[in-house]
Number of protein chains: 4
Amino acid sequence: MKEFIKDKEMNYPDTKMFNYIMSELNARNVTLEGMAKVVLEGQKRFLPNLTLKEAMDSLEDTLHKREIMNNMSIGLVMDDMATKGNLPEPLQSIVENDLGVFGTDETLALGISLFGGSIATTNYGSLDVHKKGIINDIDKDTSRVNTFLDDLVGALIAVVEGKLAHQYA
Amino acid sequence: MKEFIKDKEMNYPDTKMFNYIMSELNARNVTLEGMAKVVLEGQKRFLPNLTLKEAMDSLEDTLHKREIMNNMSIGLVMDDMATKGNLPEPLQSIVENDLGVFGTDETLALGISLFGGSIATTNYGSLDVHKKGIINDIDKDTSRVNTFLDDLVGALIAVVEGKLAHQYA
Amino acid sequence: MKEFIKDKEMNYPDTKMFNYIMSELNARNVTLEGMAKVVLEGQKRFLPNLTLKEAMDSLEDTLHKREIMNNMSIGLVMDDMATKGNLPEPLQSIVENDLGVFGTDETLALGISLFGGSIATTNYGSLDVHKKGIINDIDKDTSRVNTFLDDLVGALIAVVEGKLAHQYA
Amino acid sequence: MKEFIKDKEMNYPDTKMFNYIMSELNARNVTLEGMAKVVLEGQKRFLPNLTLKEAMDSLEDTLHKREIMNNMSIGLVMDDMATKGNLPEPLQSIVENDLGVFGTDETLALGISLFGGSIATTNYGSLDVHKKGIINDIDKDTSRVNTFLDDLVGALIAVVEGKLAHQYA
């Protein structure tokens with residue numbers, strides 16, 4: 001997708017990674033617009049004039065951060081392997097059934113949320129408990145394993161909320 | 001208060017610190033029972049048989065953790081100084097009015113929540129956004145500055161929720 | 001291995017997971033004794049009377065924590081997949097060559113270190129920069145990809161150091 | 001100090017806070033140049049062409065981040081109160097003597113380090129254990145209580161190291 005080629009193609013494959021993640025997210029019906037709607041809904045009390053386009057741009061910009069992309073890609077790979085039944089036991093059973101207090105999905109998500117300051121961390125926490133919009137859609141989708149995806153998307157949204165709060169507050 | 005003297009009185013003043021914090025919390029109408037009710041409400045979906053006494057015991061036990069006590073005491077001192085107008089400017093105005101994206105209250109709270117694993121961190125995040133029970137009471141109390149208190153209490157509750165989840169889940 | 005069967009075998013496969021991790025660690029020459037030696041070396045200034053057995057027991061006990069096991073198992077699976085060349089690109093190249101500022105290894109390790117309080121987090125940070133003993137051995141081993149392993153082991157050691165510090169300090 | 005007036009003077013007192021912190025740091029002999037030297041020393045393996053001016057500019061820029069300023073100011077106030085003997089007991093004894101496993105200094109520092117990603121968190125951890133340059137000077141200065149200051153300065157340096165690593169790596 002041409003519009004994603006923003007970074008200079010250096011030794012580090014930033015652009016390839018960004019394209020990989022966007023393509024994996026789209027294959028799971030997770031779009032910038034779907035995520036931007038959750039940002040708008042969450043921030044309307046504080047930023048009533050925020051537009052969908054601004055939220056989408058901030059999401060796309062944030063998704064270019066290398067460490068955020070890396071954490072997301074690991075979660076996407078884990079969900080994918082669990083969907084195919086390819087993880088070693090007992091990890092396969094645990095991820096497939098989102099058993100007990102798993103924690104690694106939340107750890108990767110917290111690693112992402114760190115890039116938005118403490119407000120992003122608390123907003124991610126709230127989104128993890130009260131699943132809104134696209135996060136709820138992911139949670140309800142039983143066609144594949146999404147143990148990591150809802151947390152990763154929630155954290156990404158929270159980082160954008162944190163960045164917007166720091167920018168406008 | 002006799003019932004709080006549990007630790008051996010060593011060089012490190014653990015017991016004095018615990019008594020100081022309990023006395024400061026009580027002076028702000030924050031009781032073990034009030035906090036335990038939020039734990040029960042939050043966990044009733046997962047732990048329907050949890051009793052108020054178990055939640056209170058876990059809160060009291062958790063409050064003995066030295067690093068948790070230290071983070072709480074700093075927050076209590078800051079709220080107290082802000083109430084008295086004793087902080088240097090511009091910190092006085094910021095804390096007194098809980099201005100903008102402050103973050104330090106959340107930082108200390110996150111430091112507490114770490115002791116309950118990632119689930120405590122997300123639960124604290126949720127409590128920080130959707131203020132329940134005693135946390136709402138603290139937030140509404142205008143008789144003094146409570147910029148730190150609601151976050152500290154939320155984090156303590158979240159740690160207990162995390163510990164109970166790990167124990168029973 | 002009989003000595004590892006400590007947990008009641010419940011619905012959640014804690015014992016299977018513990019055995020899986022111990023067996024994977026041993027296959028990579030990472031033993032409780034090797035890790036305990038780093039604990040002793042790191043803590044000898046503060047806890048001169050700490051024995052190897054105490055450190056090994058604390059490591060084994062800590063390794064039973066479910067969230068710690070889960071984070072470790074994800075890292076072990078990722079290293080294993082990268083060794084076999086089974087990750088999707090560009091993740092395969094990034095993990096295989098430990099490229100640039102990866103971050104996910106450190107995120108999982110920080111998730112583990114949280115269980116030992118802030119002192120564990122700083123000790124893990126120090127071990128990540130100054131690789132000691134078995135962590136150095138892992139870093140030097142070129143027979144397989146160990147991008148995650150050195151961080152996971154460092155974090156586990158740091159949690160035990162944090163727990164011992166809180167217990168004895 | 002004219003050169004610090006960069007922000008638009010809005011309702012939130014960002015510029016006042018920045019000037020307050022620079023003036024407090026300078027009163028403790030902590031200068032941008034002293035901190036920049038630690039950055040250069042720490043990064044010379046990775047960024048051999050980094051100049052002192054670039055490091056100083058990045059430090060100054062990072063110090064304008066509101067949440068970082070807030071965490072720093074709380075630590076500065078705590079050290080100042082402890083120097084004057086104005087904290088309530090037992091907190092006064094604990095902070096004055098940097099007793100046991102305190103943790104709050106590290107919590108505030110970790111809150112700062114979050115802004116540089118996981119690499120900043122591990123670099124801060126390393127600086128906290130192996131005190132270099134100006135951090136060692138702060139640690140050795142017995143003329144006042146510096147329980148918080150060494151951690152805050154270490155975290156600020158680590159954030160800049162993380163930012164430079166993400167920028168150039």
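**Paired chains and a shared core**

Start with chains C and A: turning by 180 degrees, with 0.0 Å of shift along the rotation axis, superposes chain C on chain A, and the RMSD is 0.0 Å. The two copies are therefore related as by a two-fold rotation axis. The same surface serves both of them, since 100% of the contact residues of chain C recur in chain A. Keep in mind that all of this comes from a predicted model.

What does the meeting place of these two chains look like? On the chain C side, 29 residues are in contact with 29 residues of chain A. Four helices of chain C each give two or more residues to that side: α1 (14-27), α4 (66-84), α5 (91-96) and α6 (104-113). Which of them gives the most? That turns out to be α4(C), with eight residues. Sorted by class, the side of chain C that touches chain A holds 16 nonpolar residues, nine polar ones and four charged ones.

Now for chains B and D. The contact itself involves 29 residues of chain B and 29 residues of chain D. On the side of chain B that touches chain D, the elements giving two or more residues are α1 (14-27), α4 (66-84), α5 (91-96) and α6 (104-113) of chain B. The top contributor on that side is α4(B), which supplies eight residues. As for the kinds of residue, the side of chain B facing this contact has 16 nonpolar, nine polar and four charged residues.

In soluble globular proteins, nonpolar side chains tend to be buried together. The largest nonpolar core in this model has 208 residues. Which residues have the most contacts inside that core? They are A:L156, B:L156, C:L156 and D:L156. Taking the chain B copy as an example, B:L156 touches B:M35, B:L59, B:T62, B:L63, B:I68 and B:I112, leaving aside residues up to four places away in sequence.

Methods:
Residues numbered from 1 in each chain as written. Chains lettered and ligands numbered in written order. Predicted model: local features only at pLDDT ≥ 70, side-chain atom pairs only at ≥ 80, totals over all residues. Contact = placed C-beta atoms within 7 Å. Nonpolar A, V, L, I, M, F, W, Y, C, P; charged D, E, K, R; others polar. Least-squares fit on C-alpha atoms with pLDDT ≥ 70 in both. Core = buried A, V, L, I, M, F, W, Y, C linked by C-beta atoms within 7 Å. Buried ≥ 20, exposed ≤ 12 C-beta atoms within 10 Å, placed from the backbone.
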